[in-house]
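Have the structure open as you read.

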Amino acid sequence: MIDLLDKFDPIAGERQAYLDAGGRDPVGVVMTKVLSPTRAVIAGRETILMGTYNYMGMTFDPDVIAAGEAALRDFGSGTTGSRSLNGTYTGHRACEDALKEFYGTKHAMVFSTGYQANLGVVSTLAGRGDYVILDADSHASIYDGCAMGNADIVRFRHNSVEDLAKRLGRLPPEAGKLVILEGVYSMLGDIAPLKEMVAVAKAAGAMVLVDEAHAMGFFGEHGRGVTEAAGVEADVDFIIGTFSKSVGTVGGFCVSNHPKFEVLRLVCRPYVFTASLPPAVVASAATSIRKLMHGGDKRARLWEATRAMHAGLIARGFTLGTRTAESAILAVIMPDQATTLAMWQALLERGVYVNFARPPATPTGVYLLRCSLCAEHTADEIATILQAFDDAATAVGVDLRAAA
Amino acid sequence: MTPPTTRDTIFARILGLIAPLNKKGVALTETTSFSGDLEMDSLTVMDLVANIEDEWDIVLPLNMLPELETVGQVADAVARLAK
């Protein structure tokens, strides 16, 4: 018998060698208590969370929790069924209504995760003979949606308007085309030049899908994302989003004004062939989405905390993924895997949790300590985190002048 | 200017595009494989594909990649598309 797991021996071996050398497992963090959107207990130590995508700090909002508790009590712990069969409750419809109101669209479709929203919409929209044109740095869920579908997949250089135009120009004019962009790219925290890219896509006769997972809640006047901030909502055909970041629960969605949109509920397999979200989750999500419509104060606090953190890290000599704070993700670029892991562990030992990120999740082979800010991060917490970065760099021996 | 598109010149030019990525100096032949011999990860392969597309002004969709394991197979695909 061929052991089908043998092919992963190199990966398992690399991890074991790191653990044997006394390293702490970056994918083995367990939170034994969660105290607030910005605090948890990890390995017995109260830790500031700086890598959770909990941008708007909605996870402990009293109204969000109350809505979830009431739905859990009144509708039970789960739907045990597909949206297409017994799994659509009044709460699922209410959640879709909240999304329609939030985005000002005619249609909204809720999936069980953001990953499934991309998997389903991308694989269903673009069929055999159609083209998907995607950014090189697209999220894994977009690539997986491409792999699941039957379209031809064309990749353009990250955020390059010129490269997108060139590759669109090579495609047959009569073929169906779907250009996929993200408002915020989650590895480096950079934003897409949506105004220019959407114009190029439309000029080539393509439909446009924008994934706003990391932008919902704090870009644009109504918090609708980079699409709104760039003033291109009218030209974007589909927006994909998630409840597991600013909304603070779990789930995914697609909103659109396309008149034929509702047919997707019949033909989109990741929507049909899975159980719907539990009642408590959609109730919490709907309440959170409605509160985010009026989250102006939180937006301001999130941007303030992000800019302070960005400026503080630059001042200390760290190299970041973006020259200014373009989004609420700040990627600290590290020289190599060993230094990144040592820094990550040193930060955790000083009570700060950030994300360790490595290729191939990261673009162009970079190693990152990725921070994501929360509207609830206080100035004191930012100061504590910056001090921890300083101390950890000294302890690990990171040469910040060389990096800067 | 689009380079000439005979199978031989295509093969030679592809070797030129691979050279900077061939860190271990593996001998390049028709049957050299990208993942096995050259140990290229998926991102490197996709970047190489972008360069090949630009060299001949063609579309080499990513979904074709599983069938293109060797340098020779890529040269065949380019020869087919660059007309």
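## Salt bridges overall

Over all chains, the structure holds 31 salt bridges, each being a side-chain nitrogen of Lys or Arg within 4 Å of a carboxyl oxygen of Asp or Glu. This is a predicted model: local features need pLDDT of at least 70 and side-chain atom pairs count only at pLDDT 80 or more, while totals for chains, interfaces and linings use all residues. Residues are numbered from 1 along each chain as its sequence is written, chains are lettered from A and ligands numbered from 1 in the order written, and side-chain values use heavy atoms, with hydrogens and water left out.

## Pairs inside chain A

A:K298 pairs with A:E376, with the closest N and O atoms 3.3 Å apart. That links distant parts of the chain, 78 residues apart. A:K298 is buried at 17% relative accessible area, while A:E376 is partly exposed at 29% (buried is under 20%, exposed over 50%, partly exposed in between, using a 1.4 Å probe and protein chains only).

A:E262 and A:R265 also meet in a salt bridge, at 2.6 Å from N to O.

## Where B meets A

Chain B puts 13 residues in contact with 15 of chain A, contact meaning heavy atoms within 4.5 Å. Seven salt bridges are counted between the two chains. One of them joins B:D54 to A:R170, with N and O 2.9 Å apart. Both residues belong to a salt-bridge network that also includes A:R157, A:D163 and B:E53.

## Confidence

The predictor gives the complex an ipTM of 0.90 and a pTM of 0.95.

Note on methods. Helices (H or I, at least four residues) and strands (E, at least two) are DSSP runs, numbered from the N terminus.
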